[in-house]
Amino acid sequence: MITVRQVREVKLSAWQNTYYPELWRGMFITSKHFFQNFGRFIGRAVGLKVKRPLVTFQYPEERRPIAPRWRGRHRLMLRPDGAPRCVACMMCETACPDKCIYITAGEALDGRIEKYPVAFEIDLLRCCFCGLCVEACPEDAIRMDSGYIDLGGYSRAEFYLDRDYLLKDSALTTHSQFRGELDGVVVTRVDLLAQAKHH
Amino acid sequence: MPLLEIDGKPVETPAGMNLIEAARLLNVEIPHYCYHAGLTVVGSCRMCQVEVEISGRKSIAIACNTKAADGMKITTRSEVVHKLRQSVLEFYLQHHPLDCPICDDAGECDLQNYYMEHGLHDSRMPLAEKKHKHKVMDVGPNIVLDSERCVLCTRCVRFCREITGTGELGVFGHGRDAELLNVPGKILDNDYAGNVVDVCPVGALTDKDFRFKRRVWYMKRTASICTGCSRGCNIFVDWETDRRYKDPQRRIQRLKPRYNRLVNEWWMCDQGRYGYHSVDEANRLLSPKTKSQSNGHALSVDEVITKIAARVESAIEKQGPGSVAVIASASSSNEDLFLLNRLFIDKLKVQNIDVTFGFEAKGKEDELLKKSDLAPNRRGALELQVKPWGGEGQGGDDLIAAAIEGEFEVVIVVRHDLSTAMSEKDFAKLRRNTGYIAYLSSHENGLTEVADDVVPIAMWAEREATYTNFQGRVQKTARPFDPAGLAIPEWEVWKKFGEIAGVELNFSDVRDVFNAIGMHFESFKGINWESVGSGGRMLNGTPEPTYKRIQTSTPLTAY
C-alpha cells in the first residue's frame with residue numbers, strides 16, 4: 001500500500017518575505033570562506049602550520065595534478081609487429097559489469113594469431129571505470145590510461161570508442177586533443193607523474 | 001547382476017557394464033578422454049584410473065575397460081587417484097599450446113575442467129622446449145583441426161572408422177611426434193563429419209560454421225528436435241539473442257545432438273546440423289502481404305486472415321466446398337494439421353486436401369540416420385487423416401493438376417513454394433485459372449510474389465510444437481525465442497480463421513491443441529503435452545522399435 005504524507009507549504013512571514021535576512025546570511029557565508037582562505041594564504045606565507053588553502057585551477061590551460069593511481073579511458077596495446085595484442089577472447093566483454101564492451105571476432109588468415117578483433121567498441125557512457133576488463137585480459141591487451149582526466153565531447157557518438165581509436169597510442173594525447181578540438185596544450189604523462197609526485 | 005560399491009555407495013549394475021557407466025548410475029563422474037559410450041573401448045588416455053578393491057586386494061585399473069563385478073569396491077576420489085590424474089594431465093599439457101583464449105572449446109573443454117580439479121598448476125615444462133605441431137588445418141569442408149591441442153584420444157578416428165565406416169582420420173607418428181591427421185588422400189567429407197567436433201573432448205576439432213562466433217558461456221541451451229527429415233533427431237539448440245551486434249542474422253548459434261537411444265543415439269547428420277541457417281535467412285517473410293487494397297496503413301496479420309476467411313466463406317457459399325482446395329504440408333506440426341482437419345474437413349466440409357506431392361524434395365537415405373522423406377511429420381498427417389482426397393489411385397499430384405486446370409476458385413497453400421514445384425507455364429496457368437490464392441509461408445519466394453494474401457508463419461525454433469516421426473514417436477520442439485517479424489505459428493492462423501468463420505476452436509495455447517487431439521484420434525488418446533517427455537512418446541498401438549545400434553554395416557576394423 002502506498003502511504004501518502006502531506007507536506008504543508010512553508011508560509012513566510014512579512015519580514016522573511018523581504019529576503020533581507022537571507023541575503024545577508026548568504027553574503028556572510030561567502031565572505032567567511034573568502035577571508036578564511038585568504039587568512040590561510042597569509043598564514044602559509046609567514047610559515048604558520050595552517051590548513052592548505054583552496055586553489056582555483058584555470059582549466060583547461062592549467063591542469064590539476066592527477067594521482068598516479070588514477071586510471072581513465074581504455075586503450076588497446078599493440079604487439080611489436082604492429083598487430084593488436086587482443087585476440088578477441090571476450091574475457092573483458094564477459095567480465096564487464098556494465099556490458100559496455102562490444103567485440104566481434106574474426107579469423108586472420110595471415111599466419112599470425114588466428115583470432116583477432118574485427119570490431120572492438122567501448123561505450124564510455126556506460127562504463128563505470130571499474131577496471132575489471134584490464135584484470136580479465138589474459139593478453140595484457142587492454143589497459144586504462146593514467147595521467148589525464150578530461151573526457152569531454154559534444155555528442156554521444158564521441159564516447160563510442162572504436163578499435164582504431166583504442167589502438168592509437170593514446171598515452172600522450174588527451175581525449176579532446178585527439179578529437180582536434182583543443183590544440184596547444186601538451187601535457188606528457190611523465191610531466192603529470194612528476195607533478196603528482198611533487199604535490 | 002553384479003552388486004558393487006562405488007565410493008562407499010552400493011550399486012547394482014547390468015551385467016557387462018563398465019565402471020564409468022556404473023559410476024554414472026550414482027551421478028559420479030570418472031574423468032575420461034578416450035572413452036565414449038558409442039565407440040569401442042581403447043583405454044589409451046589413462047585418465048579414468050580408479051582404485052579397485054576386490055576380495056581384499058587393492059589395485060589400480062582403468063574404469064572404461066573394467067567390467068563391474070560382484071563385490072568390487074571402487075574408490076574414485078583419493079590421494080592416490082588424484083596423484084595419478086595429476087600425472088596424466090601433466091603429460092597431456094606438456095606440449096599443449098594453452099591457447100584457451102582463442103579456442104572455441106574453452107568453457108566446455110574436458111582438459112580445462114579436469115585440470116581445474118586435478119591439475120598440477122605449475123608447469124615443469126620450459127616454454128621454449130614445447131613441441132609445435134600443425135595449427136588451423138583444413139581437414140574437411142566443415143572441420144578445422146588444431147593438432148597441437150589434440151590429446152590423441154582417437155575418438156574421432158574411431159567415429160570415422162566404426163560409425164560412418166569411412167576412415168578419414170588417423171594418428172601418425174610416435175611419441176611426442178604423434179599427430180592426428182587426415183589419412184593421405186582422404187578429406188573429412190562425409191554426411192556425419194560434424195559429429196567429430198562433438199566427440200572431441202578438447203578443442204582440437206572445431207566447427208567452421210561456429211568458429212569464433214560466440215563463446216560457449218554466452219549461449220543458452222534448449223532441448224528440441226531436428227525437423228530436417230522424418231527421423232526427428234533429438235537436438236540441443238544453442239542460441240543467443242543478447243549480442244545482436246556480433247551477427248544480427250544469427251539467433252541460433254549451433255545445433256548439437258541430444259542422446260536418444262532409439263532415435264539418433266549420440267549423432268546427427270550434417271544436413272540437420274547446418275540446416276538451422278534458414279531460420280534467420282535474409283529472405284524470411286516478416287510481415288503479411290496482400291494484393292488487394294490495404295487503405296495505406298500497415299497491414300496486420302489478423303486483417304489478412306480475415307480477408308482469407310471471408311474469401312473462403314463466400315466461395316463455399318456460392319460454389320460449395322468443392323471450389324476450395326488446400327495444398328497442406330507434412331512439415332506442419334501435429335497441432336497445425338489437427339486444426340486444419342477440424343476446420344476444413346470437419347466444419348467446412350472441404351475435401352480437396354492433401355499433404356503428399358511428387359514435387360517434394362527427396363533426401364538421401366542411408367543406413368545411419370538420414371531418411372529420404374524430408375517432411376518431419378508425414379506420419380502425423382497420416383494419423384490425423386489430413387489425406388482424404390481423391391480416393392483410390394489419386395493423390396496430391398492430381399490435386400495440383402486439377403488446380404492448374406482451374407477446378408478450384410480458392411487455393412490455400414501451406415509452406416510449399418509452388419513456383420519451383422512446377423514448370424513456369426503451369427505456374428502461370430495456375431495463377432490465371434485460380435480466382436484466389438492464399439499462402440502461408442515462412443520465406444519469401446516465387447509464390448509470395450503472386451499470391452493474393454500471404455501470412456508469415458513461424459519456424460520450428462520460434463514455436464512449441466509436436467511432430468510424429470517415421471517410427472510413430474511424438475516428439476516436442478521448444479521455443480527458445482520469438483518468431484521473426486510479425487510471423488505467427490500456423491495453428492494460430494487456423495484458430496483465428498476459425499474464429500472469423502464461426503467455428504469454435506477455443507484453444508489458449510499450443511499445449512491445449514495437442515491435448516485435444518487425443519479426444520478425436522484413437523492413436524493420440526491419453527497422450528498429453530506433459531507425457532511427451534524429452535525422449536518422445538510412441539503413438540498408441542505403435543510398439544517401440546527394437547534397438548539397433550546406429551552404425552555402418554561395413555565398419556573398418558577396430559583401431
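Residues are numbered from 1 along each chain as its sequence is written, and chains are lettered from A and ligands numbered from 1 in the order in which they are written. In this predicted model, local features need pLDDT of at least 70 and side-chain atom pairs count only at pLDDT 80 or more, while totals for chains, interfaces and linings use all residues; side-chain values use heavy atoms, with hydrogens and water left out.

Reader: How many aromatic pairs are there over all chains?
Author: Rings of Phe, Tyr and Trp (its six-membered ring) pair if their centres lie within 6.5 Å, and planes under 30 degrees apart count as stacked, over 60 as edge-to-face and the rest as tilted. By this rule, the count over all chains is 19 aromatic pairs.

Reader: What is the angle between the planes of B:Tyr33 and B:Tyr92?
Author: B:Tyr33 and B:Tyr92 are both buried, a term for under 20% relative accessible area, with exposed meaning over 50% and partly exposed in between (1.4 Å probe, protein chains only). Ring pairs also link these two residues with B:Phe91 and B:Tyr114 into a cluster. The pair of B:Tyr33 and B:Tyr92 is edge-to-face, with 5.5 Å centre to centre and an angle between the planes of 85°.

Reader: Which charged residue sits over the ring of B:Tyr218?
Author: A charge sits over a ring if NZ of Lys or CZ of Arg is within 6 Å of the ring centre and within 35 degrees of the ring normal. B:Tyr218 itself is buried, with a relative accessible area of 6%. The charged end that lies 3.5 Å from the centre of this ring belongs to B:Arg243.

Reader: How many residues apart are B:Arg149 and B:Asp99?
Author: The side chains of B:Arg149 and B:Asp99 meet at 3.0 Å, N to O, in a salt bridge, that is, a side-chain nitrogen of Lys or Arg within 4 Å of a carboxyl oxygen of Asp or Glu. Both B:Arg149 and B:Asp99 are buried. The pair links distant parts of the chain, and the separation is 50 residues.

Reader: Is B:Lys370, in its salt bridge with B:Asp191, buried or exposed?
Author: The closest N and O atoms of B:Lys370 and B:Asp191 are 3.6 Å apart. B:Asp191 is partly exposed, with a relative accessible area of 24%. At 9% relative accessibility, B:Lys370 counts as buried.

Definitions and conventions
Helix = DSSP H or I, 4+ residues; strand = E, 2+ residues; numbered from the N terminus.
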